Amino acid sequence: MKKTSSTPNLSRRQFIVGSAAAGGGLALGLHVPFGLAQDARTAAPAEINLWVAIRPDDTCLIRIARAEMGQGTLTGLAQLVAEELECDWSKVATEPITPGRNLASKRAWGEMGTGGSRGIRTSQDYVRQGGAAARMMLLQAAADEWKVPVGELSVDKGVITHAGSGRKTTYGKVASAAARLTPPDLKSIKLKDARQWKIAGQPLHRLDTADKLDGSKVYSIDVQLPGMLNAAIKQCPVFGGKLVSYDESKIAGRRGVKGVVKVDASSVAVVADTWWRAKTALDALPIVWDEGPGATASSAQIAEHLKGGLTAANAFALRNEGDALKAIEGAPKKVEAVYSTPFLAHATMEPMNCTARVTKDRAEAWVPTQNAEASLAALSEEAGIPLAQCEVNRTDLGCGFGRRGGNQDYTRQAAAIAKQFPGVAVKLIWSREEDIQHDFYRPISQCKLAAGLDEQGNLTGMHIRISGQSINAFVNPASIADGKDKRQLQGMWEEPGDAQLGYTFPNFLLEYAMRNTHVPVGPWRGVNTNQNGVYMECFMDEVAKAAGKDPLEFRRSLMAKHPKHLAVLNAAAEKAGWGTPLPEGRFRGIAQFMGYYSYSAAVAEVSVSPKGELKVHRMVLALNCGHAVNPHMIAAQVEGSVALGLSATLYGENTVDKGRIVQSNFHDYQSVRLADMPKIETVLVQSLDFWGGVGEPTICVVAPSVMNAVHAATGKPVRSLPLKNVKLV
Amino acid sequence: MAKLNVNGKVRDVDVEADTPLLWVLREQVGLTGTKYGCGVAQCGSCSVHVNGEVRRSCSIPVGSLKASDRIVTIEGLAPKATHAVQRAWAEVDVPQCGYCQSGQIMAAAALLARNADPSDADIDAAMTNICRCGTYQRIRTAVHRAAVLNKDKAKA
């Protein structure tokens with residue numbers, strides 16, 4: 001049984017060594033491959049540089065600053081370092097960097113935030129340099145020992161050879177000498193051409209699988225500390241409401257209960273010896289809320305509010321090329337449609353939780369976080385302890401999906417509770433009900449689209465107006481002025497790179513009307529590419545149909561200036577056999593869209609029964625993410641994006657009644673299960689001229705390809721999600 | 001005070017009778033491989049075996065169990081993760097975040113114990129646990145693979 005409790009007051013480094021030495025299995029967060037002797041795990045490594053430390057037994061310890069939440073970044077980053085290091089992959093282990101350590105080193109490990117599919121694409125250059133610099137130092141140490149020019153040495157899998165004399169040594173043997181050398185000048189480091197990669201680019205197994213198979217992996221929710229207490233929390237059910245009072249006497253004398261705590265203006269917690277006792281006591285605690293002005297809000301009202309934005313006189317025009325309104329007005333054929341998408345909770349499998357311990361001069365937390373530095377800041381601020389005296393111990397996350405980034409609400413709450421029990425570790429766990437009802441939801445929006453076609457069915461103009469809630473207005477209002485929020489138009493931008501629209505419209509007006517609500521919003525895997533992909537790509541099928549053209553051919557005719565988008569679309573179409581006969585009753589739908597610097601396309605095959613039951617049989621997804629660091633894990637991310645994307649397509653919605661979220665758990669906020677899943681095929685279109693994201697990009701083509709296949713099957717376009725609410729036949 | 005037989009060991013636990021088995025395992029017995037996901041028997045992250053049947057431990061009051069009931073958690077499934085399901089999971093590299101995988105593995109092990117060679121339809125019907133990362137396709141592959149591993153073992 002693994003405990004994290006044996007060395008609570010030691011530093012992180014001592015902690016790792018100490019707990020492994022105690023024979024408690026693998027240390028928390030330290031992934032050691034099979035087959036290493038126990039003493040090898042405990043031998044002090046030589047610190048070559050920030051990214052690489054090497055033990056005498058040749059184990060290469062690779063430091064990971066980004067968060068691992070299932071997306072595979074830990075393994076991918078280790079592959080990139082190991083590639084340049086030229087070490088033996090079977091001897092690679094990884095270690096997370098803590099934000100306290102990063103801060104104390106003036107952020108030497110760079111940004112730790114893991115969102116926006118940035119984990120690899122924005123750290124690949126400096127981690128590869130770290131691996132290369134370490135290799136150069138290790139070779140130099142061997143050259144110094146043998147008194148030969150370093151240029152005469154070669155290295156393969158951590159074994160250094162001097163061909164002239166036949167001498168050999170290993171990284172483990174020269175590591176301590178290498179650690180004393182001056183690091184090479186950055187300019188002298190030449191990174192490998194990706195075509196020469198041997199470790200990176202390969203479909204290697206993940207490094208972090210073993211302890212997920214036997215229950216021994218310690219997630220934050222599993223952390224045990226000596227004398228630890230547990231807390232359950234209730235937040236005002238209406239967003240923006242306040243806690244008025246609670247009647248502690250009603251739960252007095254309950255077994256294990258240590259106290260009731262006002263956490264902040266809108267929440268209360270019960271602290272007990274076990275979480276179950278805290279939770280049941282909290283359920284029995286009478287609480288009075290001031291629900292505030294949000295208490296009258298409903299989904300119907302919010303929909304009306306957004307609808308107003310579709311035709312309001314003022315909107316932010318991000319793109320205004322030619323005269324779209326005139327072109328559409330004068331067109332012999334017009335197509336118009338209004339689409340809508342709902343709020344969506346993240347519902348990470350591991351609910352929100354954080355363990356905090358606050359003394360008069362130190363604060364510590366154990367927390368599943370996509371942004372450990374934001375967690376550290378929240379802890380410091382809430383505990384009232386300077387940053388330098390705070391630490392966040394990192395654990396891998398039980399899902400992230402954007403919920404656990406900058407908004408460290410649960411870390412803040414845990415610190416506020418722990419502060420009231422000085423020196424005692426308190427673990428706050430949210431119930432699933434709190435999680436579904438107190439999220440930062442994928443923003444709600446509606447979209448009005450209009451297109452004009454000439455006599456030959458050629459597009460003459462396109463007008464897109466999105467009305468809905470802005471994430472930036474909620475999380476970072478200073479970043480936008482007067483509702484000019486480009487981010488809400490993600491995927492439809494003109495400039496190449498990040499989130500470019502793959503079509504050229506002869507006349508184009510693209511607008512955003514900001515319509516905020518009292519519901520908190522935030523990034524949700526794929527963010528606005530999800531909704532915008534539905535609007536653009538489902539409408540493209542409607543326009544193609546009006547033009548009497550095949551949806552693929554119609555798209556192609558508008559994509560000549562976007563060859564990368566087109567190549568991915570063609571790859572998906574080809575693999576799926578677009579245009580070839582299908583079994584009776586099956587229909588295809590296609591979509592392409594872009595986000596996070598990567599290009600995605602999908603073809604879905606569905607059938608709709610006479611009763612209107614939808615079955616998704618097969619999905620082919622093509623992705624160009626530039627450099628593909630691990631095709632095996634990229635395919636896993638594509639498969640995962642299909643699952644989460646299908647959950648949103650088929651079932652996902654959070655509705656509002658009396659100011660609160662109606663859904664509360666997986667019975668009414670449904671996920672796809674295995675039986676819902678189609679056969680998924682991933683096609684990688686690789687270009688070596690850029691680095692794109694992987695975790696998010698493909699999710700945006702899932703819903704529109706399925707909706708377009710449904711349109712093909714039933715002859716009727718689907719214009720709102722989720723499909724469970726739509727009568728298909 | 002209740003007596004529980006967990007992973008072949010009888011333990012005394014001092015808890016209220018309505019406490020769900022999940023929380024007794026996690027907070028009294030100290031076995032945290034069994035996860036909390038929903039508390040309402042929807043997601044299956046808390047799946048354990050009770051007398052060989054897969055059950056959702058978040059919805060079993062501990063007072064309903066007898067000392068003779070054999071409870072097996074992920075930690076007790078097989079020594080050193082050698083169960084065919086665990087080996088297949090490693091081969092196929094199923095987990096992403098891993099949080100739901102204890103429950104998925106327990107569900108798959110129970111399925112294979114009563115159906116040595118499940119069809120896709122059998123897997124659809126039996127494997128109803130939620131995975132928000134979306135490892136389903138690899139779960140399906142790994143269940144089939146575990147069936148093969150079991151057959152190979154039987155032949156050997």
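Helix α5(A) is followed by K147(A), whose phi is positive, near 55°. Helices here (H or I, at least four residues) and strands (E, at least two) are DSSP runs, numbered from the N terminus. The structure is a predicted model, so local features need pLDDT of at least 70 and side-chain atom pairs count only at pLDDT 80 or more, while totals for chains, interfaces and linings use all residues. Residues are numbered from 1 along each chain as its sequence is written, with chains lettered from A and ligands numbered from 1 in the order in which they are written.

For α5(A), residues 124-146, the 23 residues should span 33 Å at 1.5 Å a residue, and the end C-alpha atoms are 33 Å apart, which agrees. Helix α14(A), residues 528-546, has 19 residues and reaches 27 Å from its first C-alpha to its last, close to the expected 27 Å. Of the 19 residues of α14(A), 17 are buried, a residue being buried if 20 or more other C-beta atoms lie within 10 Å of its own, exposed if 12 or fewer, and partly exposed in between, with C-beta atoms placed from the backbone. After α14(A) comes G548(A), with a positive phi near 70°. Helix α17(A), residues 631-650, has 20 residues and reaches 28 Å between its first and last C-alpha atoms, close to the expected 28 Å; α17(A) is likewise mostly covered, with 17 of its 20 residues buried.

Chain A also holds an open sheet of four strands in the order β22-β23-β24-β27, with mixed pairing; strands pair if DSSP finds at least two bridges between them. Strands β22 (587-595) and β27 (679-684) of chain A stand at the edges with a single partner strand each, so one side of each is left without a neighbour in the sheet. Strand β24(A), residues 614-624, runs parallel to β27(A) and is joined to it by six bridges. Within β27(A), K679(A) stands opposite R618(A).

Leaving aside residues up to four places away in sequence, A572(A) touches A601(A), A602(A), V603(A), V620(A), L621(A), A622(A) and V683(A).

T280(A) lies in helix α7(A), residues 275-284, and is buried, with 23 other C-beta atoms within 10 Å. R254(A) is 26 residues away from T280(A) in sequence and 9.7 Å away in space, C-alpha to C-alpha. E584(A), in the loop between α16 (563-576) and β22 of chain A, is exposed, with 6 other C-beta atoms within 10 Å.

Finally, the two chains meet: 45 residues of chain B are in contact with 43 residues of chain A, contact requiring C-beta atoms, placed from the backbone, within 7 Å. On the side of chain B that touches chain A, α5(B) gives the most, with four residues. By class, this side has 22 nonpolar, 17 polar and six charged residues; Ala, Val, Leu, Ile, Met, Phe, Trp, Tyr, Cys and Pro count as nonpolar, Asp, Glu, Lys and Arg as charged, and the others, Gly among them, as polar.

How values were computed
The expected span of a helix is 1.5 Å times one less than its number of residues.
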